[in-house]
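Here is a briefing on one protein model. Please read it with the structure open.

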Amino acid sequence: MDHKVLFRNELIGPTIRHAAGKSAFYGRHLGKKAFSVNDVADLSILPTTNKSMLRELLLSELLTSDEPPLLVQHTSGTTDRPFNVYRGKAEVDFIQAFFEGTFDPLGDADIGILALQPLYHGEAIPINVQAEYLNINVDDMSKSGDIIKDVSEKILNAGNKPIIITGIFQHIKILTCELIKNGYNFSSSPVVGLFVTGQYVSEHWRSELTSVWNAKTTPRFSLTEGFGGAIYCERCRAYHFDQFMVAEVLSPFTLEPVTDGVGLLHITSLYPFVQLMPFIRYRTNDIVKVRETECTSGHEASVVFLGRWDHAAVVDFGNGGGVVVPPSIIHDILEKDALANTGGLSDRASLNGAGSPCFRLRMSEIPAQVLNIDIEIRVLPWMYPDSCQAFSEKILAELSLQAPHIMHSLQSYGFDVRINLLSPGSLGPTEPGSIPEDSMYEKS
Ligand SMILES: [Zn+2]
């Protein structure tokens with residue numbers, strides 16, 4: 001059996017019993033069923049949790065100890081209010097000992113890590129890997145000279161040592177843009193790899209970064225609410241979860257496990273890596289597709305990330321079925337078209353906003369059932385009616401080609417699809433596919 005499966009099965013029982021035994025909320029929520037979980041497959045007998053449910057609780061009900069937390073972390077709040085996550089001394093001590101002892105992610109490799117630290121996720125767990133940390137404030141364009149100086153010095157100081165840069169996608173894009181602008185010589189750079197986290201990374205951007213840096217670009221999924229995550233695999237062009245976390249994909253309409261198709265990611269963080277604030281069958285709001293075939297690299301089945309639930313259009317048919325239109329489908333189509341793509345690595349100003357197409361998906365029912373795709377374009381739509389008409393037709397054709405099952409389901413339930421092209425600035429700078437806070441989508 002795969003070592004990851006064994007690892008998780010070993011820890012799942014202690015994880016559930018720790019949560020149920022020490023947290024008043026989980027004791028109530030999981031009940032007696034907590035004692036029947038001895039294998040990852042048993043998890044499906046337990047109820048799920050989600051952010052709003054946990055947010056409503058008193059900390060004294062939720063946490064497994066009344067000792068003050070050692071670290072406070074928080075989610076970025078890109079789709080919601082930020083959410084605090086508390087970590088205790090016992091788990092931090094355990095994680096440090098684990099990585100210093102049996103599990104060294106770098107092995108004996110003599111490699112430098114340059115970590116662009118995100119400024120807004122709170123305190124990181126100090127794991128003793130030999131990384132150079134660099135705080136960069138990408139919102140402050142006047143500091144761009146300092147950023148380049150800092151990065152160049154750190155790269156230079158590494159000598160001939162190969163370097164891996166890690167950071168959130170947005171920071172890596174901006175760093176790359178700044179280096180291009182300053183004439184950085186990528187061909188003689190010691191940077192051999194980029195680890196990109198934080199948000200949806202399209203295939204387009206992955207290959208763009210790979211080609212500019214001539215370095216392997218590896219997107220990684222992680223979230224504040226858990227320890228561990230998933231890593232992109234070049235062989236199957238999808239993500240594999242690491243052993244520190246149990247991932248389940250559940251139907252948003254029935255909460256039944258999805259083994260082949262699209263569903264919502266739920267995670268369980270394993271004890272003893274997470275102790276003070278357990279997350280059991282926690283709905284992450286990430287839409288993922290479970291791959292039909294197993295990866296040839298011998299790993300377990302993989303998932304493809306399709307964007308956030310809050311940015312998707314959802315039609316619930318009420319019979320256990322429904323349609324989810326994930327934002328990534330629209331994002332990937334728009335990204336290839338100059339009319340909707342708000343800029344690439346040559347355009348620092350647009351990267352400061354999002355550097356990705358700006359759009360939102362919303363359902364409306366009056367006077368007819370319509371999936372609206374609102375897209376901000378780079379020109380005033382009324383000035384270029386012919387181009388806009390052609391562009392709209394192209395998007396619809398691409399959608400039919402790339403998501404025939406979604407289009408078919410919408411049509412069979414009487415939904416029309418409408419493309420609405422908007423003037424620059426209408427939706428504001430947002431995360432890819434996101435919705436400005438003051439304009440919620442109309443629920444179906
Ligand atoms: Zn794979």
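M363 has L371 in β17 as its bridge partner. The two strands, β16 and β17, run antiparallel and pair over 6 bridges. Strands pair here if DSSP finds at least two bridges between them. Helices (H or I, at least four residues) and strands (E, at least two) are DSSP runs, numbered from the N terminus.

This is a predicted model: local features need pLDDT of at least 70, side-chain atom pairs count only at pLDDT 80 or more, and totals for chains, interfaces and linings use all residues. Residue numbers start from 1 along each chain as its sequence is written.

**The sheet β16-β17-β18**

- A hairpin with 5 residues joins β16 to β17.
- The open sheet has 3 strands in the order β16-β17-β18, with mixed pairing.
- β16 (359-364) and β18 (416-422) each have a single partner strand, so one side of each lacks a neighbour in the sheet.
- Neighbouring strands are turned by 20° against each other on average, direction ignored.
- Axes are lines fitted to C-alpha atoms, for helices over the stretch in contact; angles run from 0 to 180 degrees between N-to-C directions.
- Strand β17 (residues 370-376) pairs with β18 in the parallel sense, over 7 bridges.
- In that pairing, N372 has R418 of β18 as its bridge partner.
- Helix α9 (residues 327-335) packs on this sheet and touches β16 and β17. The direction of α9 makes about 135° with that of β16.

**Helix α9**

- Of the 9 residues in α9, 7 are buried. A residue is buried if 20 or more other C-beta atoms lie within 10 Å of its own, exposed if 12 or fewer, and partly exposed in between; C-beta atoms are placed from the backbone.
- The buried residues are P327, S328, I330, H331, I333, L334 and E335.
- They pack against α8 (203-213), β13 (303-308), β16, β17 and α11 (385-402). Contact requires C-beta atoms, placed from the backbone, to lie within 7 Å.

- β14 (residues 313-316) and β15 (residues 322-325) pair in the antiparallel sense. Their pairing covers 4 bridges.
- D316 has G322 in β15 as its bridge partner.
- The hairpin has 5 residues between the strands, and G318 takes a positive phi near 80°.
- Which residues of β14 lie on its covered face, and which on the uncovered one? A313 and V315 are on the covered face; V314 and D316 are on the uncovered one.

**K181**

- K181 lies in helix α7 (residues 169-181).
- It counts as partly exposed because it has 13 C-beta neighbours inside 10 Å.
- K181 and D347 are 166 residues apart in sequence, yet 9.4 Å apart in space, C-alpha to C-alpha.

**Whole protein and confidence**

- The protein has 12 helices and 18 strands.
- Of its 444 residues, 36% count as buried.
- Among contacts with a separation of 6 or more, 62% join residues 24 or more positions apart.
- The average pLDDT is 83, and 82% of the residues score at least 70. pLDDT is the predictor's confidence in each residue, from 0 to 100.
- Among the elements, helix α10 (residues 348-353) has the lowest mean pLDDT (62). Helix α2 (residues 24-30) has the highest (97).
- Over residues 429-444 the pLDDT is below 50. Beyond near neighbours in sequence, this stretch has 43 contacts in the model.

Key: Contact = placed C-beta atoms within 7 Å.
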